[in-house]
Amino acid sequence: MIKTFMGCCLVLLLSIQSVALEPLFEDDTTLLKKQKTVEHVLFEMYTDTDQGAASVFGYYFDLFFKPNAYFTTSIFGAVGGERGGYGIAAFGFGYQVPLTDRLIWDSRLVTGSGGGGGLAAGGGFAIEGHTGIACRLTPSLLFDFKLGYLTFPTGEFSTPVVQFGLSHQSYKVVLPFL
Amino acid sequence: MFLSISSKGWTTTMGFRCNLIAFALLMFSSSVIADDSFVLFKQKQVLTLEWKTYELENNEVIALYGGKSRKFLTDTIYWGEAGYGALSGKRSGYLEGGVFLGNLQTVGPCLLDSRLFFGAGGGGGATKDGMLIHATVGIGAHVNTSFFSVFELGYLKFIQGNIESITMGFTINRLFWKLTTRG
């Protein structure tokens, strides 16, 4: 009964969603700005677990608030290493240093929540840092290779991390909330 | 350590990785296809980072943190979705996720935020029945034009389980306009 009621409410909310859209005023168009974003699809290897190497696959989303500084969110889930059900979600900050036209030194530090799959992650609080190179393949496509470290301060698990994958850089149009 | 596996295992693992990378390339390449005629609309939205704590069974305290996205239907009424993961306690892997309906009202210098959350929670061996309902009221203030924070008190109940508890939470929120097109 309650599930049906909640389902109906959700359908109603989704259906009236488009009513809540307002057209842009002429003043709004003068305030439009572009904001750099980078989406990463990455494969991470945990080199030091009690059952050998484990690996996770996931996604980072970087939102730049300065030309080289960004806020990042991530979500990863286990794909290898007898750790089915393990996942981690985190947010944090990063900074890029352009080295050449094609190479970027990229570092980030995130905190989050993780666990599952029988990993000794304590209460779940996770701290993870990476640093490494991003190589520009096209103006918007990059190859990432980073090394890092993951630790669960309230648990026993910690491991070096090897991370690689592809990134897509783009700009989105934003209207500042004034 | 990951290099010290058999050659067959290495080939299989590399093949899997190549598939993942090919899949990622396909996704990125499809993202550049776009329509060139459109009308922009805006919608008030809020992105929230939240920390909250409550008691599981046997007075076991758990703290979670997560994020939520709020989409405003009117100036004050919003709906959205949220997800949380365990931070402290002994329940790593405990998760909550769901949808909510709420009201964010400006009263003088303060913000009053009330919300009803419906979703599912569990993992980390904490509960077998996952459906939960969580009502909160909060008071907060603007930090600047686009950021505000809210302190919340609430009541959470797993509908078919034994867990029910008073909850406490703190949120940091960013207001922004989501630009979109119709159709």
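**The nonpolar core and its setting**

Guide: In this predicted model, the largest nonpolar core comprises 36 residues. The residues with the most contacts inside this core are A:Ala126, B:Ile62, B:Leu64 and B:Leu87. Beyond four places in sequence, A:Ala126 touches A:Ile88, A:Ala90, A:Thr111, A:Gly112, A:Ser113, A:Gly114, A:Leu150 and A:Phe152. Another core lies apart from the largest one and has five residues, including A:Val41, A:Leu42, A:Phe43 and A:Tyr60. As a general background, nonpolar side chains in soluble globular proteins tend to be buried together.

Chain B, which supplies B:Ile62, B:Leu64 and B:Leu87 to the list above, contains one helix and eight strands. Read from the N terminus, its elements follow the order α-β-β-β-β-β-β-β-β. Chain B has 183 residues, of which 31% count as buried. Of the contacts in chain B between residues at least 6 apart in sequence, 48% join residues at least 24 apart.

The phi of B:Asn58 is positive, at about 55 degrees, although the residue is not a glycine. B:Asn59 lies in that loop between β1 and β2 as well, and its phi is near 60 degrees, again a positive value in a residue other than glycine.

Confidence remains to be considered. The model scores ipTM 0.79 and pTM 0.79. Chain B averages a pLDDT of 84, and 79% of its residues score at least 70. Over residues 1-11 of chain B, however, pLDDT stays under 50. For that stretch, the model has seven contacts beyond four places in sequence. Where pLDDT is low, the predicted coordinates should not be read in detail.

Key: Residues numbered from 1 in each chain as written. Chains lettered and ligands numbered in written order. Predicted model: local features only at pLDDT ≥ 70, side-chain atom pairs only at ≥ 80, totals over all residues. pLDDT = per-residue confidence, 0-100. Contact = placed C-beta atoms within 7 Å. Core = buried A, V, L, I, M, F, W, Y, C linked by C-beta atoms within 7 Å. Buried ≥ 20, exposed ≤ 12 C-beta atoms within 10 Å, placed from the backbone. Helix = DSSP H or I, 4+ residues; strand = E, 2+ residues; numbered from the N terminus.
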